[in-house]
Amino acid sequence: MDKRENNVEKASAEQRFLKLVRVAGSHREMGRQIGEECRQQIQHSIENARKLLADAYDTLQLDWEGALIQARKYMPFAEERYPQYVEELRGMAEGANVGLDDLGMLNAMEAVTMDALHLTKCTSMAVSQERTTNDRVLIAHNEDWLPEDEADVYLIHARPDNEPPFLAMTYGGLLPNIGFNAYGIAQCCDSVYPTDSRIGIPRIIVSRAVLAARTPGEAIRHMLAPHRAAGYNHLLAHESGEMYSVEVSARQFAILPAENGVLVHTNHYLDPQMRVIESEPDELISTRVRYLRAKRLLAQQEKHTIRSLQAIQKDHVNHPDSICNHAVIGDPLDREKTITALTIDLTNRQMHACWGNPCSSVFSTYQLDA
């Protein structure tokens, strides 16, 4: 990397351990356990969302009560297709002593606010066995979101009664969706902005279902659930080395394979047919810079390791809208920063995670128990 390009003032690396919450049982029981263990984080995230809507009222013309009314339109679709994950939300509400409507709003927030939140966020990468020094499948993800929500990030180690165990990241009152399971399925989610959004199953609930998949095909079927409200890009990786970007909207999708054992995605559509339905593509500039920068850095090294991916996660080209994001000043709807960074060794079922910007934090290792 060009040191001159990365000449950003950095704080000394700080060791802060993300909270790891171990849960097991039925979906309702797991939700209740999360609610009890993370009550402070869940309540704080609801307060943050209330404040965000208040601060952005002139733009969105939406207050909290109006947002709750809108969010209630989405929940019946989720209840019909994925009642088990609505049960998780019910359990979380009970354990955290908050309203189910409030959690429903958090999990449908992107849809309710018509994707006005952050035009760009998140960077995801993956490399297969032939591109790593130790024949492992490696994945990296920088989660960029509201700076106020950084305090509410935590990890969930779950053993559901009727689904595979998984290790995943979340924050506040959101269902987990970025992580991997015992069947060797891993998922990272990058927001994309289609014009065909509709009332339906919220994206977070669709992506939560992917963590229960036992095969890549089953994972993709969840991503394309009928009556979905919109879609993410799902970076999907399997322990076999199969890796895809599954670009999804409410009514369309595209599956893009890895090239030469490498896969990168940020927050714009890559497939030509998906680009036709992309909202305001001329505004999606920094996502393209991050995508091209990550591709270039991955190409500079024939064989990668956890450390080489983490070095890319710390990159500051195009600062503050860089891979390691520091864009904390400005319009309430445009502020964002990297609130956590994850590097996954899927072969060994390990997650290396840091709290906050990876340039100033230390990664800690977490293991999915057999």
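**Salt bridges, an open sheet and nonpolar cores**

Arg90 counts as partly exposed, because its relative accessibility is 24%; residues are termed buried under 20% relative accessible area, exposed over 50% and partly exposed in between, with a 1.4 Å probe and protein chains only. The structure is a predicted model, in which local features need pLDDT of at least 70 and side-chain atom pairs count only at pLDDT 80 or more, whereas totals for chains, interfaces and linings use all residues. Residues are numbered from 1 along each chain as its sequence is written, and side-chain values use heavy atoms, with hydrogens and water left out.

The side chain of Arg90 forms a salt bridge with that of Glu79, at 2.9 Å from N to O; a salt bridge is defined as a side-chain nitrogen of Lys or Arg within 4 Å of a carboxyl oxygen of Asp or Glu. The two partners are eleven residues apart and belong to distant parts of the chain, Arg90 to helix H6 (residues 83–96) and Glu79 to helix H5 (residues 75–81). Helices (H or I, at least four residues) and strands (E, at least two) are DSSP runs, numbered from the N terminus. Glu79 is likewise classed as partly exposed, because its relative accessibility is 31%. Both residues belong to a network of salt bridges that also links Arg28, Arg32, Glu87 and Glu94.

Over the whole structure, 19 salt bridges were found. One of the pairs is Asp345 with Arg136, whose closest N and O atoms are 3.1 Å apart. Asp345 is located in strand E12 and Arg136 in the loop between E2 and E3, so this pair ties together parts that are 209 residues apart in sequence. With a relative accessible area of 1%, Asp345 is buried, while Arg136 is partly exposed at 28%. Glu163 and Arg208 form a further salt bridge, with 3.7 Å between the closest N and O atoms. Because Glu163 lies in the loop between strand E4 (153–160) and strand E5 (166–171) and Arg208 in helix H9 (residues 203–210), parts 45 residues apart in sequence are tied together. Both Glu163 and Arg208 are buried.

An open sheet is formed by six strands in the order E11-E2-E3-E12-E13-E14, with antiparallel pairing; strands are taken to pair if DSSP finds at least two bridges between them. Strand E11 (262–265) and strand E14 (364–367) are the edge strands, each pairing on one side only. On average, and with direction ignored, neighbouring strands of the sheet are turned by 15 degrees against each other. Axes are lines fitted to C-alpha atoms, for helices over the stretch in contact, and angles run from 0 to 180 degrees between N-to-C directions. Strands E2 and E11 run antiparallel and are joined by four bridges. Helix H12 (residues 286–299) lies across E2 and E11, at about 160 degrees to E11. Helix H13 (residues 306–313) lies across E2, strand E3 (138–145), strand E12 (337–345) and strand E13 (350–355), at about 165 degrees to E12.

Within this sheet, Ser124 belongs to strand E2 (residues 123–127), and the bridge partner of Ser124 in E11 is His265. Ser124 counts as buried because its relative accessibility is 0%. The side chain of Ser124 makes a polar contact of 2.8 Å with that of His141 and another, also given as 2.8 Å, with that of Asp190. A polar contact is a pair of N or O atoms within 3.5 Å; within protein, one must be able to donate a hydrogen and the other to accept it, and residues adjacent in sequence count only if both atoms are side-chain atoms. Residues up to four places away in sequence not being counted, Ser124 touches Ala140, His141, Cys188, Asp190, Leu235, Leu263, Val264 and His265, contact meaning heavy atoms within 4.5 Å.

Helix H7 (residues 100–107) is largely enclosed by the rest of the structure, because six of its eight residues are buried. These are Asp102, Leu103, Gly104, Met105, Leu106 and Asn107. The elements that cover them include helix H2 (39–55), helix H4 (64–72), H5, H6, helix H8 (109–112) and H9.

The largest nonpolar core has 82 residues, of which Ile42, Leu103, Met105, Ile139 and Ile205 touch the most other members. Its largest share, six residues, comes from H6. Another core, of 14 residues, lies apart from it and has Val262, Tyr291, Leu297 and Ile323 among its members. A nonpolar core is a set of buried Ala, Val, Leu, Ile, Met, Phe, Trp, Tyr and Cys residues joined through side-chain atoms within 4.5 Å.
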